[in-house]
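I opened this one up to look at a helix, a loop residue and a strand residue. My notes follow in the order I looked things up.

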Amino acid sequence: MIKLIDITYGSPVREKTAVALGYFDGLHLGHMGVIGAALAQRDLKPAVFTFNCDSTLPKFKSPEDIISFENKRELLAKAGVEYVFAPDFAKVCSFTDEEFVYNILHKTLNAGFACCGRNFRFGLGGHGTPEILEKIGAKYDIRVQIVEDVCLDGELISSTHIRELIRNGEIEQANRLLGYEWQFKLPVVHGNELGRKMNFPTINQILPETNVKPRFGVYQSYVLVHGKNYRAITNIGIRPTIKNSRGVICETHILNFSGDLYGENIAVSLCRFIRPERKFDSIDELKAQIAEDINKVISYK
């Protein structure tokens, strides 16, 4: 995997780059179409201009984050991107069209090529269009390519639609449009250890309020622990059977794993919705349902 260099708070790039421009809030297959155009410029170093969704001012944020900025960086590195520049929106939103191209593309990223989607906007008030980017870019010897929208099976791939699918529990379709299994990577926190008492120990993670919320319920999942993937089962919700005041909790039972993961940032990927969250009349009933859910996960290929 390519080592991704984040120059947001560092020095300008010395090598000539091919820059993909966009918010890229989900890094779905549509976004990868734009980034792929930059990766195709073999004589230039691939770079991405984007925003850090974890620090951008709330009024400029997307409705809910599909992935964290840490996830975004990992996916960019996996794709082969070598440089990323992700300033806070507030620091660049007052740039004129010309200032944006000069300060960011020319001066900071040393771009010889830039690409964006047809809906990309830049500069003060979002005045800059891809056509304006082409015109200004020519002054600084920056070739510009406008990348058309990407469809899958006749369906336009968009972050809005992917959020809707995740909220509805249609995680398999969301993953098709993303091009990878949707995941969250969060610290493991202490819970009430009820799962351990029922012989189904879980890792507990709190989903940030800024994240898109999957449909509450039980999912087949995979968990990456110290470089190894484990099959797992994840419950996302408010735990109606157990008193809870901590918001949306993700409880994951990792199959064939034992160990202490408290405080570690653990990635959990969802791949199939099993059943909605519901309230049980007793702990014994809950325990029996968990055992049934685990058997389902084991039966899936």
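What do the buried residues of α7 pack against? A reminder to myself before I answer: this is a predicted model.

**Helix α7.** I found a whole list of partners for the buried residues of α7: the helices α1 (29–39) and α6 (159–167), plus the strands β7 (151–152), β8 (155–156), β11 (217–225) and β14 (265–276). Next I checked which residues those are. The helix runs over residues 171–178, and I noted I171, A174, N175, L177 and L178 as buried. They cover an arc of only 165° around the axis, so they sit on the same side of α7.

I got a relative accessible area of 0% for V223, which means it is buried, the cut-off being under 20%. Skipping residues up to four places away in sequence, I see V223 touching K228, N229, Y230, A232, T252, I254, I266, A267 and V268.

**Loop residue E82.** I located E82 in the loop between α2 (69–79) and β4 (83–85). Leaving out neighbours within four places in sequence, I list its contacts as I2, K3, L4, I5, K45 and P46. From E82 to Q173, 91 residues apart along the chain, I get 30 Å between C-alpha atoms.

Terms used. Residues numbered from 1 in each chain as written. Predicted model: local features only at pLDDT ≥ 70, side-chain atom pairs only at ≥ 80, totals over all residues. Heavy atoms only, no water. Buried < 20%, exposed > 50% of the residue type's maximum accessible area, 1.4 Å probe, protein only. Helix = DSSP H or I, 4+ residues; strand = E, 2+ residues; numbered from the N terminus. Arc of directions from axis to C-beta. Contact = heavy atoms within 4.5 Å.
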